Amino acid sequence: HRPLPIPTSAGRIDIGTTGHPVACLDSHKPNPKHLLQIPEPSGHTSGFGDIIGSICATAKDQYGCRFLQKVIEDTPSMLQSIVEEVMPDSTNLMTDPFGNYLMQKIFLSCTPAHRTEFIHQLSPDLPAISRNLHGTRAVQSLVQHSTTPEQVRLLANAFQHWVVPLILDSNGNHVIQRFVQTLGSSDLEFVYNAVRPRVVEVANHRHGCCVLQRCIDSAAPKQKLLLVEEIVKHTVQLVLDPFGNYVIQYALKLGIDAVTAQCLVAMLGNVACLAFNKYSSNVLEKAFRLADEPLRDQFIWELLHPDYLPQLLQDQYANYVIQTALDTASPTQFLALKNAISPHIHLIKHTSYGRKMQARLNGVGRPNKFNGHRARPHLKPPQPQC
């Protein structure tokens, strides 16, 4: 025989019709699901009056939160009562697994005056709330729906000293991205001012490299140039990083001649060393495609240094840089590469990339202007600075 179920302090246990134990909660612990009432035709929602005074507790329950959101949707006149009650406890609700959804609904539906009052109330806590798994969603909603100049100013003041710490946070970075998506470039000056002095720290971070690219996208021309110029000052340091290299590649895609030239010149003197690195080798391939002939000449001569060439040919990353150099070389450059590589080709003849390189040396598959394919883009040579 099965032993009888043991009663617990949560309530008695009955055996239902299925023969399985069914918990019966005590009458003093009502199930919030029963609060989910359908609005009456008169416009009044039955059940709402019963929770006046305990709206914050109700909002922290799954069914109670849904009920309150439905009240706001179906009976907007009750929003004032909800706002007045949740305002003092809004910080806790924004970080609650269920309460944050009510706060998002309130930020969407409330008046601009209410929204401004919320920002005043929350300002000291907004950076901390942004780092919370649930709070970040509520803060993003607040940012998205704050459109008046006063609201934007208050938010900028609340976040101006927390921009970089939030960018580097797994939850907080979404709030900064929402600022970038929502505000105009003139209102984002506090973000750019915070990022520029710490651009290496931001670019070399998993989340920071993405936020930095979004900042570049949203910036006005002058802001963009200032930000990108600061980035390319640290080209060598960034191209070696798993995340920073993407920021440099993104800067090269912008097509700003002065910025591209500055970035490529920064790599001179380190070409062979950068070719061995998994991340910077990708940037070097892009550099060969963007460089004009005189600058590409300097890149090639660094690769052909006799102390490095045999190792470069056999390296799992550097060999791709050599192949790209062959693809983009002028006839004179190609001949120099061929003469230097041919004595060492036996080192890699049994590898897949060795066979590809041999094919290139034989003039097969060179996608440039010298065999009828589209020419690579060229830039003006960088001007020497005296």
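Lys 105 is buried, at a relative accessible area of 16%. This is a predicted model, and Lys 105 takes part in a salt bridge with Glu 73. A search of the whole structure finds seven salt bridges.

**Glu 73 and Lys 105**
- The two side chains meet in a salt bridge, with an N to O distance of 2.8 Å.
- Glu 73 belongs to helix α2 (residues 62-74) and Lys 105 to helix α5 (residues 99-109), so the bridge ties together parts 32 residues apart in sequence.
- Glu 73 is partly exposed, with a relative accessible area of 48%.
- Lys 105, at 16%, is buried, because the cut-off for buried is under 20%.

**Asp 327 and Arg 360**
- A salt bridge joins the side chains of Asp 327 and Arg 360, at 2.9 Å from N to O.
- The pair links distant parts of the chain, 33 residues apart.
- Asp 327 sits in helix α23 (residues 318-328), while Arg 360 sits in helix α25 (residues 352-361).
- Asp 327 counts as buried, at 6% relative accessibility.
- Arg 360 also counts as buried, at 17% relative accessibility.

**Glu 230 and Lys 233**
- Lys 233 forms a salt bridge with Glu 230.
- The closest N and O atoms of Lys 233 and Glu 230 are 3.4 Å apart.
- Lys 233 is exposed, with a relative accessible area of 56%.

**Background**
- Side chains of opposite charge can pair when their charged atoms come close.

How values were computed
Residues are numbered from 1 along each chain as its sequence is written. This is a predicted model: local features need pLDDT of at least 70, side-chain atom pairs count only at pLDDT 80 or more; totals for chains, interfaces and linings use all residues. Side-chain values use heavy atoms; hydrogens and water are left out. A salt bridge is a side-chain nitrogen of Lys or Arg within 4 Å of a carboxyl oxygen of Asp or Glu. Helices (H or I, at least four residues) and strands (E, at least two) are DSSP runs, numbered from the N terminus. Buried means under 20% relative accessible area, exposed over 50%, partly exposed in between (1.4 Å probe, protein chains only).
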